[in-house]
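Student: I'd like to learn how to read a protein model feature by feature. Can you walk me through one?

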Amino acid sequence: MSLLLKRRSRSETRAQPVAVQSKQELSKKQPHQQHQLASSVERDRETTMPRLGLAGPGAGMGRRKTSAELISEAKLYLGDLSTATATMTAAGGARLVSTRRPITPREPGRVLYGKVALAGRPPSAFSMRYLQNEKPAPPRQLPALPGAAAQLTPAAATMHPMQPARNGALLGQCSSEMLIEMLKQHAGLKDCSAETVQHINAILLELYTRVHKQERNFKRAFILGGLYGLVECTAPRILLAVARVVLALRVTGSNLTGACKLIFKVARHEQHDGLFHENDVLELLIDGLGHASPLDDPEACIYAYGCIRFLTASSAQERDDALNRNWAAGFEELLPPTIAAATVLTTTETRTTTLQDSRKLNGQQTLVSRLARHGAVELMILHLQMLNEAGATRRLSGPPLHTLYQLSAALRALADVAQQQQRLQLQLQLACPHLIRAAEVSMGELEVQANVVRTLSVLSEDLECCETLHNYAARIGLLLGPYSKGGQCSERLLAVLSRLGYMLGNILAKHESARVQYYQNDVAMEYLLNVLQQLSERPLGSEALLDAQIKLIRVVANMSVNADVGAGLGNVHGLGAVLFRLLQNAAVALDRSSTTTESAQPQAELLELLHATLGALHNLCFYQDNQTATATTTTTETTETTTTTIPSPGSLQSLIAELSTALAGTLKRCQGQYVSTKVELARVLGNLTRNELARRRFCAAGGLPLMVQQLTRQANGQDYELRTCAIGVLVNLLGDGEQRAPFLQLRGAELLALLLRGALEQEDWFLANIVCQAMWNLLIDAQCATALCQSGSILDEVSDLLADYLDEERPIVGDEANEDEVEPGKNKEPELDLESEPDALWEDFALVATDLLERIQNNFDKQQQRQATHIDIDDGNDNEDVFIEKL
């Protein structure tokens, strides 16, 4: 004991500087000094208050770090930054829930509306023959330029009839009227040779140059008449050249619509994308739209925005796939081996197109940059405002509504490739409020609203856009209203719900004020709970249904990160029943699918639904303690009144017992490959078992042997997280006196000693800390302590281990070896100051271990007194129990 009393922690033996310490240094040391003072006071007492938390066994030590925080610190210290980030641990111990992008439907190529059936929509395929001013003429031989044939010999003219036509200098000598007459000779041309394309394109290029200089010695109608004879040509280069000349004339009305249709006709085919990099047709298109109105010229806007959408979103689906593959990479190891192998094979095959996709993306980014520089997004926002203003006075229908459909889709395509383009990000940020208004305006038009909400969900992934959206969290939640009244759930409706949930989940994951704002809006909360209840009552099976459930459960999980919101949600009517139902349905369906030969995708989605539900339960249970639904006493001067708080029907507080039993059953169902699921279950149980009723019901369902079983696994990878969480649950379970004797029968004491030795040999102070707390709770019981003292070997081993690793003069592993590795004559390189992180964990361990060592010594002393006096002294005091504060 001399060694134990000599040093309580490393900080007491350090030499303190005489100079005044900085505020940062004092802030680091002050909590430890308070911690030590409180410990010394507690040791002077004969009895103590119930002890909660991981930071030390003494009470009254101020705010203790939760296990979630300590795990994060340990991971950061060990350098496992990726894992620490992936856990998304929020302040206070509650955890954010991440998810993949919503399911994106595959479209059969570049079509204007896909499978959507909108009344009165313009066609995806069209003919522009009605714009021609004359009947098609039969194909004829290309004419020679006037005066050019006279310069050639008859033989040369016969051998090279096309040579003068390809001479740009000769075209420059022709008048504009002559150029138009040359084009009219090709009116009605469809299929043509490469030479013909080159000839006509040269004429159109010369004509564009002149028109672009705003020559006024020609008539606009005369030029258009010559141009529209070429609109049925199948050569995309000619069609774009015609459109450039038409747009350069600054046309409006039907002529502008015709030019937009020509560009759309070319943009429909992905192999033509390279043509848009060769000229300024996109800039001309934006200039033309600047003279149009989405209300007066809707068809021009429809085809123009459809064109922009095609050109900037050709590989958006591949991007979605890549993002989801990266997110779901951790799920591969959770699936059965056969399905996991198929998943890896599919992923490998898909990644073979990565180079091609990156090339497409680079091309898209170039076009997007050009559009952004030319004011495309500002124009789209202006048109969006015009549509919203019209929708505020009357219900949008017909072409204006279809314009909103294409406009929102084009904005989504721009957002998909708006990486590292600050100007575009700012522009899209300004579009967010107008898109929210558009989603409200299109209420009742499911297809259009789905497109608008899909755009918002993509924008919510961007930090700057999310910064804007978080002010509208409750307003976005109100969009769930029409879908909260029940009825049939179509695939499109589920897609809207999924994207609304995805967007809200992203916002609530980043902004604390949005969580409070949403929770305090009673209408938005009612809509959310109604939709969740309806979805939870439907049988699982559809991927769209699973996706919607996952996204909306994530809203609850991320909202409950806030302490006040999380505590309040625990007593919300019906929410507990919804979570309980989803937990059971997902666990049963996952267990059933693992025994069949189904594909990996449904099983991965079932697993994600289970994890999202557990994430929500973890956060809600974080704020539910033993004070839940207990008697509340109010005192006046004359009377003392006792009232009882009754939990709301179907709330989480009303289902504590049932939930504890269900979690035990789910843990039993989990096979060896679902290690991550076991971790999530243990996290929930770590918070839930702080409740006395929950502990009793969990143990009644066989929970204690289950937790012992989890601790027998190898401590590597995710098994380490499972082990730490399981020990945390065990600390809580051993807080009840009736569980200590059964734990001894399960050879629990030997297990704890083995775990402690392994943790100390690895210098894993966090793991050693919670093992010591479990041992502390076990030794509170007088009979258990007596039995262990009589056997002697276990407590002797634990005492030796603790005394050894609490020794200040014990050499640190690796120090001497490092000194030997330094070559003579070379100075040591300055070492990084890593003292703060390991010391924080070690200090917490040292305080717990010191008190545990004292308790073991006291038990040995009492055992010797009993043997000497033959008096059995019962000092069992459950008020000294230690409980995991929050996991």
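## Reading the model, feature by feature

Tutor: Phi of Arg-747 is near 60°, a positive value, and the residue is not a glycine. Keep in mind that this is a predicted model.

Student: What do most residues other than glycine have for phi?

Tutor: Most of them have a negative phi. Here, Glu-763 also goes positive, with phi near 55°.

Student: Where does Arg-747 lie, and where does Glu-763 lie?

Tutor: Both are in loops. Arg-747 belongs to the loop between helix 36 (740-745) and helix 37, while Glu-763 belongs to the loop between helix 37 and helix 38.

Student: Does Arg-747 count as buried or exposed, and why?

Tutor: Arg-747 counts as exposed because its relative accessibility is 58%, and the cut-off for exposed is over 50%. Glu-763 has 28% relative accessibility, so it counts as partly exposed.

Student: Let me step back to the whole chain. How many helices and strands are in the protein?

Tutor: There are 42 helices and four strands. Of the 887 residues, 55% count as buried. If you take contacts between residues at least 6 apart in sequence, 79% of those join residues at least 24 apart.

Student: Now the helix packing. At what angle do helix 37 and helix 38 pack?

Tutor: For a helix pair, look at the angle and the axis distance. Helix 37 (residues 748-761) packs on helix 38 (residues 765-780) at about 155°, and the axes are 8 Å apart. That angle makes helix 37 roughly antiparallel to helix 38, since the cut-off for that label is over 145 degrees. Their crossing is left-handed.

Student: Which residues meet there?

Tutor: On the helix 37 side they include Ala-749, Leu-752, Leu-756 and Leu-760. Facing them in helix 38, you'll find among others Trp-765, Leu-767, Val-771, Cys-772 and Met-775.

Student: What about helix 25 and helix 26, at what angle do they pack?

Tutor: Helix 25 (residues 512-520) and helix 26 (residues 522-536) pack at about 85°, with axes 5 Å apart. So helix 25 is roughly perpendicular to helix 26. Tyr-518, Tyr-519 and Gln-520 of helix 25 make the contact with Asp-522, Ala-524, Met-525 and Leu-528 of helix 26.

Student: And how far apart are the axes of helix 19 and helix 20?

Tutor: Those axes are 11 Å apart, and helix 19 (residues 399-416) packs on helix 20 (residues 422-441) at about 145°. Helix 19 passes helix 20 in a left-handed crossing. The contact is made by Leu-404, Leu-411, Leu-414 and Ala-415 of helix 19 and by Leu-424, Leu-428, Leu-435 and Ala-438 of helix 20.

Student: On to aromatics. What describes a pair of aromatic rings?

Tutor: You need the distance of the centres and the angle of the planes. This structure holds six aromatic pairs. In one, the ring centres of Phe-622 and Tyr-623 are 4.8 Å apart with the planes at 70°, so that pair is edge-to-face. Phe-622 and Tyr-623 are both buried.

Student: Which residues do ring pairs link into a cluster?

Tutor: Trp-765, Tyr-805, Trp-842 and Phe-845. You've already met Trp-765 among the helix 38 contact residues.

How values were computed:
Residues numbered from 1 in each chain as written. Predicted model: local features only at pLDDT ≥ 70, side-chain atom pairs only at ≥ 80, totals over all residues. Heavy atoms only, no water. Phe/Tyr/Trp six-rings, centres within 6.5 Å; stacked < 30°, edge-to-face > 60°. Buried < 20%, exposed > 50% of the residue type's maximum accessible area, 1.4 Å probe, protein only. Axes fitted to C-alpha atoms, helices over the stretch in contact; angles between N-to-C directions. Helix = DSSP H or I, 4+ residues; strand = E, 2+ residues; numbered from the N terminus. Parallel < 35°, antiparallel > 145°, perpendicular 65-115°, else oblique. Left-handed = near helix turned anticlockwise from the far one by under 90°. Contact = heavy atoms within 4.5 Å.
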